[in-house]
Amino acid sequence: MADTAGTGVHPGAILGIARFFHDPRGSMRAMLDSRPREARLLAYAVLATVILLAERILRLMAEAEPGTDMVARVMEQVVSLIFFLPLVYYAFAALGAWIARSFGGEGSWLEGRAAFFWAALVSAPVILAAGLAAIAAGPAGLAPDLLRQGGSIFFAWALANCYAEAFGFPSTLKVLAVIVLIALVPLGLVWALTST
């Protein structure tokens, strides 16, 4: 199908997501080769957010106490995710592109956004599945937290593949190591502040 927002041919988001699971860098390359414009990238960010919203709503329903005002709780999630998370995605994509370029990456700012938003979109179903598995496991024990963390780990791996391809890095593992180190800095600061 022709992409009206770009000059290339778009392979389709669903097929691209399916391809990501057996050829992550090829999926990212195909998406970049379709020359996405900003409108399509924003659609990817919003679609990823909607899938995450579904996981949050299901988790709220599973964990709700009797008498909880579910309409208010759901509306809080809608406002925080649908309206603000895409803006956060843009900020993180800009930061990621800046870091990748400072490490010698050859991608553009648009390719940085494409990499971040594509990683968010391909990770959203995994995060949804992990969230559903956590709900099924019940609130007791470490299993729900570990299952939810599995979605975050998958996102980091997807982001490493997407940034490696978009910015021309030969090693996905090195990109993943940088992502993990960057993610650990705020966690270390929080731990240092709370342990004093």
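Helices here are DSSP runs of H or I at least four residues long, numbered from the N terminus.

**View 1. The whole chain in a predicted model.** This is a predicted model, and its protein chain contains seven helices and zero strands. Read from the N terminus, the order of elements is α-α-α-α-α-α-α. The radius of gyration is 18 Å, close to the 16 Å that the globule rule gives for 196 residues, so the chain is as compact as a globular protein of that length. Along the principal axes, the C-alpha atoms fill a box of roughly 55 × 45 × 30 Å.

**View 2. Confidence along the chain.** The average pLDDT of the protein chain is 86, and 92% of the residues score at least 70. Where pLDDT is low, the predicted coordinates should not be read in detail.

**View 3. Helix α2 and the residue after it.** The buried residues of α2 are P24, G26, S27, M28, M31 and L32. These buried residues pack against α1 and α3, and also against α5 (109-137) and α6 (143-167). After α2 comes R35, with a positive phi near 50 degrees.

**View 4. E63 in helix α3.** E63 belongs to helix α3, which covers residues 38-63. The relative accessibility of E63 is 48%; because exposed means over 50% and buried means under 20%, E63 counts as partly exposed. L53 is 10 residues from E63 in sequence, and the C-alpha atoms of the two residues are 15 Å apart.

View 5. Of the 196 residues in the protein chain, 40% are buried. The accessible surface comes to about 10900 Å², and carbon and sulfur atoms account for 72% of that area. Among contacts with a separation of 6 or more, 73% join residues 24 or more positions apart.

Methods
Residues are numbered from 1 along each chain as its sequence is written. This is a predicted model: local features need pLDDT of at least 70, side-chain atom pairs count only at pLDDT 80 or more; totals for chains, interfaces and linings use all residues. Side-chain values use heavy atoms; hydrogens and water are left out. pLDDT is the predictor's confidence in each residue, from 0 to 100. Helices (H or I, at least four residues) and strands (E, at least two) are DSSP runs, numbered from the N terminus. The radius of gyration is taken over C-alpha atoms; the globule rule is 2.2 Å times the number of residues to the power 0.38. Buried means under 20% relative accessible area, exposed over 50%, partly exposed in between (1.4 Å probe, protein chains only). Contact means heavy atoms within 4.5 Å. Accessible areas come from the Shrake-Rupley method with a 1.4 Å probe; for residues, only the protein chains shown count as cover.
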